[in-house]
Amino acid sequence: MSVFEFQSVALPKVAEIERLEIREFLQREIAEKRFEPHRCSWSSFDAGFSQRLGAAGFIGVTWPEQYGGRGASTLTRFAITEELLAAGAPCGAHWAADRQSGPQLLKYGSDEAKTKILPQLAAGTSFFGIGMSEPNSGSDLASVKTKAVKVDGGYAITGQKIWTSNAHRVDYLIVLARTGDRGESRHEGLTQFVVDMTSDGISPRAIHDLAGNHEFNEVFFDDCFVPDDMIVGEVGEGWNLVTGELAFERSGPDRFLSDYQLFRELVDQVGPTPDRCASIEIGAMVSRLASLRKMSASIAGMLDQGAQPAVQAAMVKELGTAFERSVPEIVRKLVPVEPSQIAHDDFAEAMADTVLRAPSFTLRGGTREILKSMIARGLGLR
Ligand SMILES: Cc1cc2nc3c(=O)[nH]c(=O)nc-3n(C[C@H](O)[C@H](O)[C@H](O)COP(=O)(O)OP(=O)(O)OC[C@H]3O[C@@H](n4cnc5c(N)ncnc54)[C@H](O)[C@@H]3O)c2cc1C
């Protein structure tokens, strides 16, 4: 199949039924004031919300029943995800587990890891973070230096990660570490491990973002022991696993709905009789969103068939996050509002919040330059 072939996918009836069910759950949550719709839905950490969502059966829906899931399709998960994001639900606690770490464990984890960890993730009582990036190894992930050395019964990890979202409040990290030489391909000698955050020899240190929030961290490992049954896949096969994981990380609606709440507020601000300029801009935004949604659903369909659409996922992330970056700029043109974190004005606050977060949209999960270079390679241009 050509990398540009995004087959049109219609969501099955069962996905639309689940959409109504999660919508009802979310309406109840909002009516009972259990959460206020968040502007940064999937990075807002709320363990209580995730636990209620898990109890209602909406986390890990694609996983088999024996591991706490419901054996639903990726397209059903797609509909659930859209609703969560559109409602501004605080999904940050369970997001990484539901989106990528759980599926990764399901495919490559040991029986012990699957049996012990997956049900906790599906219940929304345990959470995951992703320990890939290091100082000087972000885009060039294959150059990671954190080392895992074989010891009796497992491996000892020593090194440092950076930008690790929620490391200070999750239960497990999937850590990419070097177990051998890079080899000629530069992609050899890497292995993924599930690290229990209560282990000895692991210490997160806060990094505050532009908006002053503490979401990501540096994480230091000093001879941190990881048992053999917490190796993900085969030793030395980490690169292939990471590449597969990124298809899950980059293709979902979270890559174009990060500032959906600001978009909704914009529509409210311009009201039912927008002028010509607002009509054109908002119409263009809606059509971009509709195209992104179709592409993302198409990838969900491919994932259901067991494919690894890494290049298509890179395209969704590149186009999706470019859209997200453009939202505050378009809002600025259409509504004369000064972004402010201290004004008693919801819209000014929404703008300030989004303007401060927007630069991260195109960095997290792989930068635009790296995605473009992957797409070019997929097209045979490099
Ligand atoms: C909000 C947020 C949350 C994050 N959460 C996590 C997390 O939980 N876990 C985790 O592991 N990481 C996380 N990251 C890290 C993220 O994956 C990296 O920031 C990203 O991959 C870029 O790596 P870097 O910061 O080292 O930048 P660099 O790789 O140093 O890149 C700097 C600039 O150089 C450009 N560049 C680099 N190499 C090339 C090249 N070959 N060709 C052209 N241009 C190039 C890049 O595009 C970028 O513009 C997070 C980042 C953010 C912003």
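A polar contact is here a pair of N or O atoms within 3.5 Å; within protein, one atom must be able to donate a hydrogen and the other to accept it, and residues adjacent in sequence count only if both atoms are side-chain atoms. The model is predicted, with local features requiring pLDDT of at least 70 and side-chain atom pairs pLDDT 80 or more, while totals for chains, interfaces and linings use all residues. Residues are numbered from 1 along each chain as its sequence is written, and side-chain values use heavy atoms, with hydrogens and water left out.

A polar side-chain atom of Ser165 lies 2.8 Å from a nitrogen atom of the ligand. Ser139 also places a polar side-chain atom by the ligand, 2.6 Å from an oxygen atom. On its own the ligand has 980 Å² of accessible area, of which the protein covers 62%; accessible areas come from the Shrake-Rupley method with a 1.4 Å probe, and for residues only the protein chains shown count as cover.

The ligand is surrounded by 16 residues, and the closest are Ile130, Ser139, Trp163, Thr367 and Glu369. A residue is counted as near a molecule or strand if one of its heavy atoms lies within 4 Å of it. By class, this shell has 6 nonpolar, 8 polar and 2 charged residues, where Ala, Val, Leu, Ile, Met, Phe, Trp, Tyr, Cys and Pro count as nonpolar, Asp, Glu, Lys and Arg as charged, and the others, Gly among them, as polar. Domain 2 (130-240) and domain 3 (252-378) each supply at least three residues of the shell; the bounds come from an automatic or database domain assignment.

Residues 130-224 are 0% helix and 49% strand, and their end C-alpha atoms lie 16 Å apart. Helices (H or I, at least four residues) and strands (E, at least two) are DSSP runs numbered from the N terminus. The record places "domain: Acyl-CoA dehydrogenase/oxidase N-terminal" at residues 21-124. That span is 57% helix and 0% strand, with its end C-alpha atoms 18 Å apart.

Ser50 is in helix H2 (residues 47-55). Its relative accessible area is 0%, so Ser50 is buried; buried means under 20%, exposed over 50%, and partly exposed in between (1.4 Å probe, protein chains only). The side chain of Ser50 makes a polar contact of 2.8 Å with the side chain of His94.

Two loop residues have positive phi values. Most residues other than glycine have a negative phi. Asn166, in the loop between strand E3 (154-161) and strand E4 (172-178), has phi near 60 degrees. Asn166 counts as buried because its relative accessibility is 10%. Arg186, in the loop between E4 and strand E5 (190-196), has phi near 70 degrees. At 36% relative accessibility, Arg186 counts as partly exposed.

Two further positions complete the tour. Leu289 lies in helix H8 (residues 276-304) and is buried, at 11% relative accessible area. Gly365 lies in the loop between helix H10 (346-361) and helix H11 (368-378), and its 18% relative accessible area makes Gly365 buried. Between the C-alpha atoms of Gly365 and Pro339, 26 residues apart in sequence, the distance is 27 Å.

Terms used: UniProt positions are given in the numbering used here, feature names are shortened, and annotations may be inferred rather than shown by experiment.
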